[in-house]
Amino acid sequence: MVSLFSVFLFTSIFFYNDNYRKTIFLNKEEISYFKETAFYDNRLNRWEKPVLIEIKGKPSKDDIKQLSILVKEIAPYLGNTSIQIVKNNGNLVFHFESDLTQFDENPAFKNDKIPLGFMKPVLSKQHQFIKADVFIHPAIISTKRNEVLRHELCHSLGLMSHSFKAFQSANLLGKTVFKDLKDYEKSLSEKNIPNLDKMAIGFLYQEVKTTNYSKKDFDRDYTFAK
Ligand SMILES: [Zn+2]
């Protein structure tokens, strides 16, 4: 009995460490991507309480499967902030409703034939997420739907901005310079969160000490990234 217990203890400690072992040292491109996508109005925003994802509306089987894969994939990058899918009382709600009121009322989409999706956060004065809602347009299907899901998940974890810069590495919130047509075609069926986005999220949760850290502080600390 005693030895069984110690085996169990060892396994759980090992698993714990495994979840927290992602060491985040950004290279130049990653620093630049972080600067472009994580600062919103010159400030950083993140969750400092457990992220509880709730799914509402009519998700497809694929939506649910995909979300749980993404949650597993991003969890090790969130430092001490936990993330899980819950049945109710979630604070990060993914809406798959067929009701389009949220889209119709959003002035950001007035020129779009089919808007893709959007994220609506409620933030504290200290720039921490209190809650957030993600809306996925029901007319978006297949690989595009998957991309929108990943894109909005990145927004909802704190990468709140878009970048108009082109990056050599694949990413969800900026532009990508593809090596060739094959490289581009491969990206269309990609289902994982690109490394650039994961590293930026990891940096936000593991290296940034406080959400009081401003863009000015960042520019002082990372002068070479200008
Ligand atoms: Zn976006």
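In this predicted model, five strands build an open sheet. Their order is S2-S1-S3-S5-S4, and the pairing is mixed. Look at the two edges. Strand S2 (83–86) and S4 each have a single partner strand, so one side of each lacks a neighbour in the sheet. On average, neighbouring strands are turned by 20° against each other, direction ignored.

Now zoom in on one pair. S4 and S5 run antiparallel, and seven bridges join them.

Most residues other than glycine have a negative phi. Which value does phi of Asp41 take? It is near 55°, a positive value in a residue other than glycine. Asp41 sits in the loop between helix H2 (28–38) and strand S1 (51–57). Is Asp41 buried or exposed? Asp41 counts as exposed because it has 9 C-beta neighbours inside 10 Å, and the cut-off for exposed is 12 or fewer.

His127 also has a positive phi, near 65°. His127 lies in the loop between strand S4 (117–123) and strand S5 (129–136). Here 19 other C-beta atoms lie within 10 Å, so His127 is partly exposed. A residue needs 20 or more to be buried.

Conventions: Residues are numbered from 1 along each chain as its sequence is written. This is a predicted model: local features need pLDDT of at least 70, side-chain atom pairs count only at pLDDT 80 or more; totals for chains, interfaces and linings use all residues. Helices (H or I, at least four residues) and strands (E, at least two) are DSSP runs, numbered from the N terminus. Two strands pair if DSSP finds at least two bridges between them. Axes are lines fitted to C-alpha atoms, for helices over the stretch in contact, and angles run from 0 to 180 degrees between N-to-C directions.
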